Amino acid sequence: MLSTGSPAPSSPFGTPRGVAAQAGAQSPYSAPSAAPSVLRVHYIRKDHNYKGWGLHVWGDTPSGTQWQQPLKPTRVTAEGLTWDLPLRPGARRVGALVHKGEQKAASGEFAVAASASAREGSGDGPVVQDAWLVGLEQAAFYSQPDLSRVAAGSVNKQAAHWVAPDMLVWRQAPEDAAGPRRFRLHFHSKAHMHIDGGGVQGAEASYELTAQTGPTPASVIKRFPHLYGTTALVVPPEAVQRAAELVRGQLLVSVCDAGGTALDGTGVQIQGLLDEILTYDGPLGDHPDAATGGHAITLWAPTATDVKLLHYRAARGGEPEVLDMARGPGGSWSHPRPASWLWSYYTYRVTTYCPWTVRFETLEVADPYSRGLAADGARSQIVDLTHPDTMPDGWREHVPPPLAQWTDISVYEMHVRDFSIADPEVPQQLRGKYLAFSPDSIRALGSGSGSGSGSDLPSAGLRHLAALRAAGLNHLHLLPTYDFGSVPEREEEQRRVTEDLSVYPSDSPQQQASVLAVADNDGFNWGYDPVHYGVPEGSYATDPDGIARIREYREMVQALHGQGWRVVCDVVYNHTFASGPFSKYSVHDKIVPGYYHRRHEDGAICDSTCCNNTATENVMCERLVVDDITHWAKNYKIDGFRFDIMGHLMLTTLNKMRSSLDALTPEKDDNVRGSSVYIYGEAWDFGEVAGNQRGRNAAQMNLAGTRLGAFNDRLRDGAMGGGPFAPPQFQGLVTGLSLAPNPAVGSGQGSPEAQRAELLVLSDWARSALAGNLRKYPLHLCDGSTRTGEQALAHGLPLAYGGLPCEHVAFIGCHDNKTQFDQIIEKASVNESADERMRMAVMCLALITLSQGVPFIHAGDDLLRSKSLDRDSYNSGDWFNAVDWTGNTNVFGSGLPVSTKNGGSWGYMGPLLAAADRIRPTPEHMRTATTIFQALLRVRYSSPLFRLAATEDVMRQLAFHNTGPKQMPGVIVMELISADMLGNGGGGVRDDSYERLVTVFNCAPYSNDVPYPTYAERLELHPELAALPDARASAPAADEAARVLRLPARTAAVFVQRRR
């Protein structure tokens, strides 16, 4: 094999400047013979650390890879790694990046030579072009480089970790064939160090580190599991003594071989060290100062060399008064705050070393402990949350609705703007605002009349909420309402769609084009883009500058409490909207760069959640979120918290939150009972935290017994079929699998026999959810075996993972992914009528509502809400997210959904949307659906047996019939028995009205006769269902003589055995 050398001079991909080419390297054009058919990529490192690296490839090669599946080397030798990449005919460019998981090393894009001068082997082998990647260099090499001219490491990486005052760790071998390696720690107070071929240059101070042989110390692994296998480096006492000073400058670590040849160098992550020596437990932000009797403003900035306080008199404009802050204990900086500053504004000017720019930066930033803000979070406001101006009349005295136990909870998930933006009964200035939830605020602007209850409420949305609340639904979950960065807060800066989109066809792309044209600057976004965690979002206030957002948020909460609702906040502590020194939405990372965000082993910020993952395992980041959750519960009387991507937080953090909330009492905290506050969230286990890689995280498999609620995807996938990452047409228990096949699926879900078998499996998933997702609950499965929930499998994991009923959040639809009804449109057979699709939707609501645990409903699903098939409407504007609370209109057929998230699916979506007039539900369908749903809620709250709180009670008092391999497909029969009927005196829950309840879910597209449970007698349809005006929903009947329960197609029914 001969090298093909470098490309023609006109190519931008030559041997990098300053790197000597191998002597004798040939030009690929000096003796042309044939175009190369193989690109041979060599990877070489000075430190010979080749374990675990793979190659990500793109461009003109059939070897292109997915990120999670890099190519393994073709050859591994002591000199490096080699990959042979076949080239497509006419290939011109191939890109390659060496990585190990999320840890990235060298990368480059190679120009493929037009011809090469030699073949491999005897002359008839492939024509090979050689190329090199080196260390951490971001460049392509066309001849073997002289490693002495290549930098021995990178100042842009931070692969060493200072984990304790006397210890660093780094994934470098402590010795090699030449003998023990030599490690050093380097420091410069002005960040003037760099790395060249000879190693680290320009240090002010340098310290020898002693490498320990053997495994990484257990104390390190307990705190940093992902650093298992690293080499421990002992820090000398003179460096330990200076540690608090050293963290305020540039730090590098280098390694040389026994002969002194530089092998590698890297920056240092200092989160562990900061947690050991520079944490602070005093008050932060603007706060009373016990020492002086006045007030002070305090910031935690342990790496800063200087912090100034900038005081502004107004929300915008004007020159600040610049004041020096004094360094205090634990990395804090403080300045006294005069009482006259109340309601004025401030920021900080922080000077600190920034690893992202490898230099010191001086940046202006708002306070991460802000409790008030100017618009768009530009300045923090000094506020007094106990001042009457920040609260509506009666705020401190009012008492949130009581809650006896968490299994009494049911949740309706609502977006603040969706609730009122399209409601013509709400005054224009309140649409999309907090005050749209306040009947008094609406009436004060001249709209509506009446007493404030039921049909007298002044808007369609409030009347719909009142009907749901009267039926028993009791928790209103609000999508993010903290300060987020994805919407301009001043209305005059928000763009709008001005044309009439209703004139376009139901399958037109024009609607989404108009929405996308303004999407990034309009007034709509879900808001999962946190900037300031502790302040209400300003775009939902009538004035985003100052305290209006605080007062109006409290008025909303008080109004909802007055209507009988408890209020849930959606919180996003798993990431921030921005990081780094330049974004105006970056806050935490400007103050202590690299600390508040979780980082990969090489220093890059993790982004598995979407972006800028937070590191709640770090002491001060954990403190921030615990302080914040307590602040919302105490100062805004929030009754529950839904955690976005909760699995990315550590269990210790959630446990500290629980303890902090439990300490809130009505006597000392303005009628707040913290022990009743419910915590639930998305307990998915993925990314860098999966498998407890960063500690025991709040993921499904870790939650049993914690009292933390988690969304149950097994019910969702069992009912609907498939999953978020499966073909959207895949069917499930409710949507027709096996019994009413969707022709669009074809053979994708297997033969008729395979589909029937899958249907029975998914029915077992639904039974497990109905029983509260309890890992110890015994299930008679479709294969004939009896196993507990944790012994059965779903998606390769235990089917059930909960330890207590309150840990089970039963859901099928939510704001994420498509609405429940849109999923049914995709999955149900095209031959189904609009009425049958409505029946499927009601069946989903029944499975949720009658499950043990906490039912969770996406707002509008009871009205067959559609988003015109949009799978991710977070930025799809009001057009696709609208809800008509009167049930007169439906969004389905409002055009093709936005191309940014759905363009690849337009091919199958178009025909469905074109048939909107046939598929779209009628007003009668929508009203029927919510009427039945409200009856199901009344059924749930008519008996304590649907809301069992103790695991042992579910085990004793709930049973399933029609199970095993010979079951009637598509039919689930659940029996609940009052404890006094069991006859063993073992305690449990007594139902004072009913001796037993038998619930039947007939998901089949035909009627079914179901045998009575053995000891059942005198069964009759629950009176709430018998009274329904819908003929099918009220038709189920108990035939006492034949001892059968007769169920129409696609109908859920509850039969009761009254007390004598």
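Cysteines, sheet and helices

A: The sulfur of Cys 782 has its closest cysteine sulfur in Cys 1003, 15 Å away, which is too far for a bond. This is a predicted model, where local features need pLDDT of at least 70 and side-chain atom pairs count only at pLDDT 80 or more, while totals for chains, interfaces and linings use all residues. Residues are numbered from 1 along each chain as its sequence is written, and side-chain values use heavy atoms, with hydrogens and water left out.

Q: How many disulfides does a search of the whole structure find?

A: The search finds 0 disulfides, a disulfide being a pair of cysteine sulfur atoms within 2.5 Å.

Q: Is Cys 782 buried or exposed?

A: Cys 782 counts as buried, at 16% relative accessibility. Buried means under 20% relative accessible area, exposed over 50%, and partly exposed in between, with a 1.4 Å probe and protein chains only. Cys 806 is buried as well, with a relative accessible area of 9%.

Q: OK, the sheet. What is the strand order?

A: The order is β42-β43-β44-β49-β46, in an open sheet of 5 strands with antiparallel pairing. Strands (E, at least two residues) and helices (H or I, at least four) are DSSP runs, numbered from the N terminus. Two strands pair if DSSP finds at least two bridges between them.

Q: Which strands stand at the edges?

A: β42 (958-961) and β46 (1019-1021); each has a single partner strand, so one side of each is left without a neighbour in the sheet. On average, neighbouring strands of this sheet are turned by 25 degrees against each other, direction ignored. Axes here are lines fitted to C-alpha atoms, for helices over the stretch in contact, and angles run from 0 to 180 degrees between N-to-C directions.

Q: Over how many bridges do β42 and β43 pair?

A: Over 4 bridges, in the antiparallel sense, with β43 covering residues 971-977. His 961 stands opposite Val 973 in β43.

Q: And which helix packs on the sheet, touching β42?

A: Helix α14 (residues 752-770), which also touches β43 and β44 (994-1002); its direction makes about 20 degrees with that of β43. Contact means heavy atoms within 4.5 Å. Helix α16 (residues 834-849) lies across β44 and β49 (1051-1058), at about 145 degrees to β44.

Q: Staying with α16, how does it pack with α21?

A: α16 and helix α21 (residues 923-940) pack at about 20 degrees, with axes 10 Å apart. The two helices are therefore roughly parallel; that label covers angles under 35 degrees, with over 145 roughly antiparallel, 65 to 115 roughly perpendicular and the rest oblique. Residues of α16 that meet α21 include Met 838, Val 842 and Leu 845, and on the α21 side Ile 932, Phe 933 and Leu 936 are among those met.

Q: Which residues are buried in α19?

A: In α19 (residues 906-914), Met 909, Gly 910, Leu 912 and Leu 913 are buried. The buried residues of α19 pack against α15 (820-827), α18 (899-902) and α20 (916-919).
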